[in-house]
Amino acid sequence: MPRRSTEEWIRLSLRTPGILIFGMVFAPCGWILNLTATVAPNWRTLHNLPSTPSDEFIQQGIWEICRATSTNTRAECGLLDDTYFDNEVITPAQGLMVASLIVTLIGLAVAIPGVRCWRDRPNWTVAGLGGLLIFLSGVMTIIPIAWYTHILPDISSVTPSIDVRVGYCIILGYIGGIFEILGGFVMFIGICRCCGGKNRGETRVDEVGTRFSRQKPPPRRVEVPSLNRARSSASSVPYSKDSMDDDVSFPRAKSPAVRTVNTSYSGRPYDADL
């Protein structure tokens, strides 16, 4: 049996493999969610603030802080809080989230030429490298999101009376990071052929030949009636009229009888004949 490295593989369909479609759909979706989580100022919210109205709360992100109320949709942003921005998690979170967005774009730019473009089959090495970059960008998103969530109540001086809640940016960051990790990993596993080539949608050439040989139907036999006709020695025609009537193995249609017209009728004419 030949070695796996020397075997020839073939794709029976020209469609883009499913693992590449999965990665190319999940990666942009994760990038959009991570972009929203990066720029939006809602990593956590502070409710029940002292000396403030009951419907007022503070939204804190990694770039700015806003004050909003439940009755007014417009928020007042640009608030200063040096204690919050000097926390050890804020600066790494800013760098990792921005780096994650850039690496995702680079991964998509690398993966797009390898997925298919003008070729009949994908360039699995290029697509796998793009998937690896997308996978790393998802990891860079999960790290600051998980770190921020772990120390959520201790990021800045918060009194016990203040209600600290998780902002929607944390949820979007988790979902976006998971999308990128899954999409990048699925694309990366196409760099090596596994599961008998099913991850790439490929089949060995010898298996394809065996499959088609088994599916080929047997030739259909058609029985033709034999006509034993004797060749006449007196004529160049290989058969005669009598031999055709006698030797045919199937019945022949009979010729209709010849009708004769009696022209010697001498009867009396009738009125209808006049």
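In what order do the elements of the chain run from the N terminus on? They run β-α-β-β-β-β-α-α-α-β-α-β-α-α.

## Model and conventions

This is a predicted model, in which local features need pLDDT of at least 70, side-chain atom pairs count only at pLDDT 80 or more, and totals for chains, interfaces and linings use all residues. Residues are numbered from 1 along each chain as its sequence is written, and side-chain values use heavy atoms, with hydrogens and water left out.

## Fold and surface

The chain has seven helices and seven strands. Both are DSSP runs numbered from the N terminus: helices are H or I with at least four residues, strands are E with at least two.

The chain has 274 residues, and 32% of them count as buried (under 20% relative accessible area, 1.4 Å probe, protein chains only). Its accessible surface comes to about 18,200 Å² (Shrake-Rupley method, 1.4 Å probe). Carbon and sulfur atoms hold 60% of that surface.

## Nonpolar cores

A nonpolar core is a set of buried Ala, Val, Leu, Ile, Met, Phe, Trp, Tyr and Cys residues joined through side-chain atoms within 4.5 Å. The largest has 21 residues, and W43, Y84 and Y148 have the most contacts inside it. Two or more residues come from each of α3 (90–115), α4 (124–150) and α5 (168–188). α3 gives the most, with three. Apart from this core lies another of 11 residues, including I19, L108, W124 and A127.

Which residues does Y84 touch, not counting those up to four places away in sequence? They are R44, Q60, G61, I62, I65, I90, Y148, I155 and S156.

How values were computed: Buried means under 20% relative accessible area, exposed over 50%, partly exposed in between (1.4 Å probe, protein chains only). Contact means heavy atoms within 4.5 Å.
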